[in-house]
Amino acid sequence: MDNVFLFEPLALEYLAAGLKEDGVKVKILDMRIEDDLSTVLDEFSPDAVGLTAFTNQVNIVKDLARDLKGYDKDIKIIIGGHHATVAPEDFNTIEFDVVVIGEGVFTMKEIVRAFKENGELSEIKGAAFPSVYGLYRTEKREYTELDNLPLPDRELTAKYRKHYFSEWFKPLASVRTSLGCTARCNFCSLWSITGGKYLKRSVSSVVKELQTIKEENIFFCDDESMCDWKRMDLLADEIREAGINKKYFLYARVDTIVRHPEMFKKWADIGLKQVFVGMEDYSDERLSSMNKGVTSRQQVEAVKILKSYGIMMYASFMISPDYTKDDFASLKKYIRDLKLTYATYTVMTPLPGAVLYEKNKHRLISRKPEYFDMLHTLLPTLLPLKDFYYEMSELYKSAIPLHRGFPVLLKFGWKDMLSRIKLLNFFLKRLKTTYLDYQ
Ligand code: B12
């Protein structure tokens, strides 16, 4: 995936900004780019190390924590991020000193302060401590108002910044404007993490942050950017008034596009180039069983609206493990009828913290963290695995006909396009043989 998109480590930049406010000396090591840990440890010699991970990265951070303790057993290791938030007990191992649940800036500040002053860690809200008796959890920490957080510290990633990119945008910066979602899809855990709330920053604080960013391309690193359309309408006005000239890429829902086309027009005028849309499925029955809250009719309309404003739809479909060959064929026909120019396909995955996970956790065919990458099925497929993955790779290969996909690929430029085609070929081969991973 890191060959397809690599985004700045915004979580670490937030945490670092908070610590620097307290006079703590901080370094960010982006090990996706610079993997020489021992040199950094020799030079920087940290007292504490914070690690972040999604579920598919759990074993990576466990190995890292082991390496760190092997280097110096007194280094305090703090783990936070999405997986620590939804399944903290998975980090109940001796390598970790503290597990942080949820938003981490203030928790991290308090932890470091307690380490420095030999203070009482158990009084810090939103933390958990590994022990042989199980994870000891402190009182829950409510989500911080986003405007109370410092702006992320991008100076600490200055040397890496040219490497951050997504398919069409390089270099790319990320800005978080909100957290949570107003929808209640059963495959997603994000709305429940914030206790159902949609937290948002003020328009002025987002504009202030945008003014500090050098990159021309901006990804709005939200769970769902457009939920509060009035706020986003205002943000577009303020961005224009401030004379900010950038290109934007964000997540939006089909129903928001259909209900507020004029707001998308406004955003297209100030630089919105691409919208990632979770289309998920062609069938209204399946959409409804996911509690997606949109219909295929709305999808058709949303495609037309974005196209009419020259915004590229980055359509994402989630293949249910119960897909038959007919379902694959119907999805392919649907995508062709919609005249989409770009689409990606993942496998519907029960992610920890989601309703879908709670309902299915007893029947997972694997629990390997690495397989929570939305490409490995974790539920039994109706088709034999080999056929399922053959059909998946066929979708990638041929659902978008060449005459429609090619002009979009051309936007990469010839040189980049050739390397992209090579990468796609490699990916397709890998996808087709994914069934072998289960043997
Ligand atoms: C942007 C994003 C991406 C970016 C990458 C972001 C990055 N920095 O690398 C891209 C598009 C590349 C991406 C890819 C993927 N993503 Co993604 N992504 C997100 C999204 C929308 C926002 C993440 C983010 O940066 N938020 C902004 C920062 C500031 O917030 P934060 O990470 O939550 O950090 C705060 C706290 O968690 C805490 N914290 C975090 N780390 C730490 C560490 C310490 C020490 C402490 C104290 C606190 C702390 O404090 C932070 C400060 O505010 C999340 C949704 C979400 N809310 O997490 C999904 C999400 C993380 N992605 C998800 C998935 C599944 C994937 C993919 C596997 C999907 C795929 N097949 O393509 C890939 C995996 C990529 C990989 N390399 O392995 C899932 C993860 C589910 C899970 N259980 O793991 C999420 C939660 C979406 C979802 N609907 O469930 N993703």
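Predicted model: local features only at pLDDT ≥ 70, side-chain atom pairs only at ≥ 80, totals over all residues.

I began with the backbone around the ligand: a polar backbone atom of Gly104 is 2.9 Å from an oxygen atom of the ligand. I took a polar contact as a pair of N or O atoms within 3.5 Å; within protein, one must be able to donate a hydrogen and the other to accept it, and residues adjacent in sequence count only if both atoms are side-chain atoms. Numbering runs from 1 along each chain as its sequence is written, and side-chain values use heavy atoms, with hydrogens and water left out.

Next I checked side chains. Glu103 has a side-chain N or O atom 2.7 Å from an oxygen atom of the ligand. For Arg176, the corresponding distance to an oxygen atom of the ligand is 3.2 Å. I then listed the elements that give two or more residues to the shell: α1 (10-21), β1 (48-52) and β2 (76-80). Helices (H or I, at least four residues) and strands (E, at least two) are DSSP runs, numbered from the N terminus.

How many residues surround the ligand? I found 35, and the closest are Thr52, Thr55, Glu103, Asp223 and Asp373. A residue counts as near if one of its heavy atoms lies within 4 Å. The shell divides into 17 nonpolar, ten polar and eight charged residues. Here Ala, Val, Leu, Ile, Met, Phe, Trp, Tyr, Cys and Pro are nonpolar, Asp, Glu, Lys and Arg charged, and the others, Gly among them, polar.

I turned to the helix pair. The axes of α2 (residues 37-44) and α3 (residues 58-71) come within 12 Å and cross at roughly 45 degrees. Axes are lines fitted to C-alpha atoms, for helices over the stretch in contact, and angles run from 0 to 180 degrees between N-to-C directions. The contact (heavy atoms within 4.5 Å) is made by Leu37, Leu41 and Asp42 of α2 and Leu64, Asp67, Leu68 and Tyr71 of α3. I counted five nonpolar, no polar and two charged residues there.

Last, the backbone. I found a cis peptide bond joining Lys170 and Pro171, with omega about -10 degrees. Pro171 sits in the loop between β5 (136-137) and β6 (172-175).
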